[in-house]
Amino acid sequence: MRRILITGALGQIGSELTLEMRKIYGSGNVVASNRRAKEGHEELIASGPFEIVDINDLQTLSAAVDKHKINTIVNLAAILSAVGERDPQQCWNINMNGLYNVLETAREKNCMVFTPSSIAAFGPSTPKDSTPQDTIQRPTTMYGVTKVAGELLCDYYFKKFGVDTRGVRFPGLISYKTLPGGGTTDYAVHIYYEALKSKKYTSFIRKGTYMDMMYIRDALSAIIELIEADPGRLKHRNAFNVTAMSFDPETLAASIRKFIPEFELSYDVDPIRQEIADSWPNSLDDSAARQEWDWNPKYDLDSMTKDMLEKLRVKLGSMITIYG
Ligand code: NAD
Ligand code: AKB
């Protein structure tokens, strides 16, 4: 039986993954944790076990694993790209020293570890289109540096110590429950909120900047499917390219206009986040994930837009009419 500890569970992914995993594995078997409790997550905290765990505190992490007889750690605690450029020391400390604590705990207590990498693990010298699974990785952000190093560290713990480590390189994730935590792809979430508030949005990412993206429903499936995948089929383990779509702000606005025809997009480019976006791929080749564990996303741009707008309209109490 799986006994799962999710770190960083009150973030964009964890706040949805916890509830999804509780449906599948049973509420009592999925322990949510975060370095602090946050407002707005009362439902999640009440729906099963919750612990305050800072992954930089090895003793507390280890005690939570013992207390709940954990055999699977899903490590979502991290600092994302834009915040990471503002505070690179904190980014290194949490993304690397925290991950090291997670892996050491897993080694000592015989746990599986899932930890996500990102398209940020690539850099300006990586092939930009249909970026291969195995290719040049020379990222230019601290976040990207920690993501490549994290991929390698997870590979090392598997080869050296036999820890069952697994992970994917997520693209920008789009969701409506919890706002993203300070990344470069966040514009693609904010745009839906503003479309439903004022029918207009000012993008901090320039027209023509393509990045891979994915709807949260597919991201949750990727995590659960890879955790449950037959280890005998896995050749890459820790850094599978996964994607569902690639678009620039104009393409996204065109999709929103199918449902809100008056929607207007303008630009006020943020040079720091633009530079980060320019260093990332336009589109990924995710054939290894498709071959090794049958990865197959369900949402394309328009089906994601429809669901986002419908769900957010209810959440925001928006009176704007959605067509289509
Ligand atoms: P997020 O910023 O929304 O959430 C991170 C959570 O971790 C927050 O609740 C934060 O309070 C918590 N946290 C921070 N430091 C901690 C610490 N030391 N100990 C315990 N908790 C701590 O992030 P997310 O979007 O949910 O991302 C989760 C993982 O997925 C990260 O590794 C991220 O790099 C990766 N990822 C996310 C995306 C995306 O678009 N969301 C894309 C690619 C990869
Ligand atoms: C970010 O923009 O930092 C994240 C990511 C793609 O890793 N969304």
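The text below takes the domains and their interface, then the salt bridges.

This is a predicted model, in which local features need pLDDT of at least 70 and side-chain atom pairs count only at pLDDT 80 or more, while totals for chains, interfaces and linings use all residues. Residues are numbered from 1 along each chain as its sequence is written, chains are lettered from A and ligands numbered from 1 in the order in which they are written, and side-chain values use heavy atoms, with hydrogens and water left out.

The chain is divided into domain 1 (4-170 + 216-241) and domain 2 (172-214 + 244-316); these bounds come from an automatic or database domain assignment. Taken over C-alpha atoms, the centres of domain 1 and domain 2 are 22 Å apart. In contact across the boundary are 43 residues of domain 1 and 37 residues of domain 2, where contact means heavy atoms within 4.5 Å.

The size of an interface is often given as the accessible area lost when the parts come together. Here domain 1 and domain 2 bury about 3400 Å² between them, with 58% of it on carbon and sulfur atoms; buried area is the accessible area (1.4 Å probe) that two parts lose on being put together, summed over both. Of the area that domain 1 buries against domain 2, Gln 12, Ile 119 and Asp 218 supply 22%, more than any other three residues.

Polar contacts and a salt bridge also cross this interface. The rule finds 23 residue pairs in polar contact there, both at pLDDT 80 or more. A polar contact is a pair of N or O atoms within 3.5 Å; within protein, one must be able to donate a hydrogen and the other to accept it, and residues adjacent in sequence count only if both atoms are side-chain atoms. Across the interface of domain 1 and domain 2 there is one salt bridge, that is, a side-chain nitrogen of Lys or Arg within 4 Å of a carboxyl oxygen of Asp or Glu.

Side chains of opposite charge can pair when their charged atoms come close. How many salt bridges does the rule count? The count comes to 17. One of these salt bridges joins the side chains of Asp 164 and Arg 237, at 2.7 Å from N to O. Asp 164 lies in the loop between helix H6 (142-161) and strand S7 (165-166), and Arg 237 in the loop between helix H8 (216-228) and strand S12 (240-241), so the pair ties together parts that are 73 residues apart in sequence. Helices (H or I, at least four residues) and strands (E, at least two) are DSSP runs, numbered from the N terminus. Asp 164 is partly exposed at 22% relative accessibility, whereas Arg 237 is buried at 7%. Buried means under 20% relative accessible area, exposed over 50%, and partly exposed in between (1.4 Å probe, protein chains only).

Arg 233 and Asp 294 also meet through their side chains in a salt bridge (3.0 Å, N to O). Arg 233 is in the loop between H8 and S12 and Asp 294 in the loop between helix H11 (287-293) and helix H12 (301-316), so this pair ties together parts 61 residues apart in sequence. Arg 233 is partly exposed at 34%, and Asp 294 is partly exposed at 48%.

Within helix H12, Lys 311 and Asp 307 are four residues apart, separated by about one helical turn. Their closest N and O atoms are 2.9 Å apart in a salt bridge. Asp 307 is buried at 14% relative accessibility, while Lys 311 is partly exposed at 34%.
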